[in-house]
Amino acid sequence: MTTKPILAAALAGATLLTGACASTGGGEQDTAYVARDVESLYSVAKQRLDRGQPTLAAALFDEVERQHPYSPWARRAQLMSAFSYYAGADYNKSIQSAQRFLTIHPGNKDAPYAYYLIALSYYEQISDVQRDQKITEQARTALTEVNRRFPQSEYAADARLKLDLVEDHLAGKEMEIGRYYQRSGRWIAAQMRFQNVVDTFQTTSHAPEALYRLTESSLALGIPEEAVKYAAVLGSNYPGNEWYDRAYELVQDHAAGVTAS
């Protein structure tokens, strides 16, 4: 997985310090409102991040922005806050911080990284296929946006890899629902789900099974011509696949001699 090296590389460019590091005390002392010069405050935040305290670091980077809103450090701190929230698995706050950065600095050279961080924050929240897939759809949209806006960047390359996994995940959800409808005898509803996999997620690992399930559903609906058609498409595209072997046997048993529609 390439996420961590990419984040680390991008982070390195955003954390250069020009001032001396301030001494750090306890967490409450760090985050208590005390007017501090911008370099010292930023330095304390960076130290906390380096020590594996991302939540505290995020609060301190936010403090940089509050105390010194017009400083060049404020812009840097916004992005570092977004990364710190991401590192601390507070993905909603990471998204909010990155979106705020993009709203204020849409043309900044670090905008690609902010878009990428938003996409990763959605991606990390993808649940298993047994649950609602709203977050998965949001991850898909955000990753697609990274690829669309910055196609030649390293972020886009990683986004494309993750999009393949997201597509497979969404297809898996469609398959799960389709199989449920089949078990319930709701063949038309099942047919719609499997057809969506074939039409929308045809490059995923679920496409062969979807074609087999379409063969099954077509036979159950009394449309053997359609069943033969789906089996033929399956055989043409996945000739050595186990799902084709099953579809072939199914057609031979229930639609022998039938011509595809």
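Which residues does Glu 174 touch, not counting residues up to four places away in sequence? They are Arg 193, Asn 196, Val 197 and Phe 201, where contact means heavy atoms within 4.5 Å. Glu 174 has its place in helix α9; helices here are DSSP runs (H or I, at least four residues), numbered from the N terminus. At 11% relative accessibility, Glu 174 counts as buried, a label that means under 20% relative accessible area, with exposed over 50% and partly exposed in between (1.4 Å probe, protein chains only).

A word on the ground rules. This is a predicted model, in which local features need pLDDT of at least 70 and side-chain atom pairs count only at pLDDT 80 or more, while totals for chains, interfaces and linings use all residues. Residues are numbered from 1 along each chain as its sequence is written, and side-chain values use heavy atoms, with hydrogens and water left out.

**Another glutamate in α9**

Helix α9 also holds Glu 154. Glu 154 is partly exposed, as its relative accessible area is 44%. Between Glu 154 and Tyr 116 there are 10.0 Å in space, C-alpha to C-alpha, although the two are 38 residues apart in sequence.

**Aromatic rings**

Rings of Phe, Tyr and Trp (its six-membered ring) pair if their centres lie within 6.5 Å; planes under 30 degrees apart count as stacked, over 60 as edge-to-face and the rest as tilted. By this rule the count comes to 9 aromatic pairs. Two of the pairs are set out here.

| Pair | Centre to centre | Angle between planes | Class |
|---|---|---|---|
| Tyr 115 and Phe 150 | 5.7 Å | 50° | tilted |
| Tyr 244 and Tyr 248 | 6.2 Å | 50° | tilted |

Tyr 244 and Tyr 248, in turn, lie 4 residues apart in helix α13 (residues 242-254), about one turn of the helix. Tyr 244 counts as partly exposed because its relative accessibility is 22%, and Tyr 248 is partly exposed with a relative accessible area of 45%.

Elsewhere, ring pairs join Tyr 42, Phe 61 and Trp 73 into a cluster.

Rings also meet charges. A charge sits over a ring if NZ of Lys or CZ of Arg is within 6 Å of the ring centre and within 35 degrees of the ring normal. The charged end of Lys 162 sits over the ring of Tyr 123, 5.4 Å from its centre. Likewise, the charged end of Lys 229 sits over the ring of Tyr 230, 4.7 Å from its centre.

**Helices α11 and α12**

Tyr 230 also takes part in a helix packing: residues of α12 including Tyr 230, Ala 231 and Leu 234 meet residues of α11, among them Leu 211, Tyr 212 and Leu 219. The axes of α11 (residues 207-220) and α12 (residues 224-237) come within 7 Å and cross at roughly 165°. That makes α11 roughly antiparallel to α12, since angles under 35 degrees count as roughly parallel, over 145 as roughly antiparallel, 65 to 115 as roughly perpendicular and the rest as oblique. Axes are lines fitted to C-alpha atoms, for helices over the stretch in contact, and angles run from 0 to 180 degrees between N-to-C directions.

**A positive phi**

Ala 89, in the loop between α5 (72-87) and α6 (91-104), has a phi near 65°, a positive value in a residue other than glycine. Ala 89 is partly exposed, with a relative accessible area of 46%.

How values were computed: Helix = DSSP H or I, 4+ residues; strand = E, 2+ residues; numbered from the N terminus.
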